[in-house]
Amino acid sequence: MKIGIVCYPTFGGSGVVATELGKALAKNGHQIHFITYQQPPRLDFFNENVFYHEVNIPAYPLFQYAPYESALASEMVNVVTNENVDLLHVHYAIPHASAAYMAKMILRSQGRNVPVVTTLHGTDITLVGKDASYEPVVTFSINESDGVTAVSENLRQDTYAHFKIRRDIEVIPNFIDLTRFQRQQKEHFKKAICPNGEKLIVHTSNFRRVKRIDDAVMTFYHVQQQIPAKLLLVGDGPERARIERLVRDLGIYDQVRFLGKLDAVEEVLSVADLFIMPSENESFGLAALEAMACEVPLITSNAGGLPELNVQGVTGFMSPVGDVADMVKNALYVLDDDHLLEFKANALARAKEFELSRILPLYEAYYERVLQETRSIEKVI
Ligand code: GMT
């Protein structure tokens, strides 16, 4: 198949899923055309089946806001036409699904039918998409997609609850490449950060409010009062300065390290004892899955799709959003040497259920189904 993939070229979950999916499809012999405004961070290698098309947005003094959606739709039309693309797969509804609809209509006017698959990732539905400024466009473009997937059952249900959706949504969860995400021998790194055998807690995110990093810090604050511990915060974003102030005000700056955006996050996860994700909402929690693959148990909230990943009392624990006292209690239980090894093994076993080789065929089968449906509709017309 020749597939056009549209995504945000960022370290964020949807961009990572789209890029890793494209790479895996290319390895399976499909021809993949990435269409983005910048080279995605994980697309830094050569593969004969991977192509990259940059969306060019010419500057013009009249534009206070550059018309990205139009430029993206035009690039989709060009790529489909020039490269004979069979199907477009857009990740994150806003504005990719509506740009894809526009491209589809232009192509149809030229006698070419190209189906569009939209994958909903989370904030495009739960946070941004619901806003009245976007809602009609999101509803329309989901309904007009030829296939729609969501990364968890919870996100699927949320989409039906918040938008008037007339079509089926297929759940295809996030996946993990266990050849990359696996526990590595990084003892020198662990010794440097935890020279006295402290327990190491890690949080990774894009430092947005929805991640409730205060709760991660407050949980750590209480944990380190009871056992020697360190906290690593990986990632960057709008909350960084505020969280740094909180850490200073609590007097724990020496025990907390801000590592910024890291590409090789698996190296940090390899030395972690516990991963903390107290999010207000989390459609799936790819960062938590990456931690589990590196044998790190979880302390998470029970928001969104997290109960579909974190098995209560087995791979870690879930607490109600904002219940720091419960997270402290659970973290101390998991970090206890009598329990830690079992939780680590359970985390890895659960991660294996989301191995790339299990999830990739679901996407391939879904593409086939959508293509067949499009062909049979064409025959009727
Ligand atoms: O975590 C983020 O805020 C980034 C966001 C994105 O859209 O890039 O991640 C979302 O998509 C990921 C991949 O499907 C999911 O694993 C994350 O749970 C989801 N984030 C939220 O729902 C907050």
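Tutor: The model is predicted, so local features need pLDDT of at least 70 and side-chain atom pairs count only at pLDDT 80 or more, while totals for chains, interfaces and linings use all residues. Residues are numbered from 1 along each chain as its sequence is written, and side-chain values use heavy atoms, with hydrogens and water left out.

Student: What kind of unit do strand 4, helix 3 and strand 5 make?

Tutor: Strand 4, helix 3 (residues 93-109) and strand 5 form a right-handed β-α-β unit. Right-handed means that, with the strands pointing away from the viewer, the path from the first strand over the helix to the second runs clockwise. Helices (H or I, at least four residues) and strands (E, at least two) are DSSP runs, numbered from the N terminus.

Student: What makes strand 4 and strand 5 a pair?

Tutor: Two strands pair if DSSP finds at least two bridges between them. Four bridges join strand 4 (residues 87-91) to strand 5, and the two run parallel; they therefore count as paired. His89 stands opposite Val117 in strand 5.

Student: Why is strand 5 called mostly covered?

Tutor: Buried means under 20% relative accessible area, exposed over 50%, partly exposed in between (1.4 Å probe, protein chains only). In strand 5 (residues 116-120), five of its five residues are buried. Val116, Thr118 and Leu120 point one way, and Val117 and Thr119 the other way.
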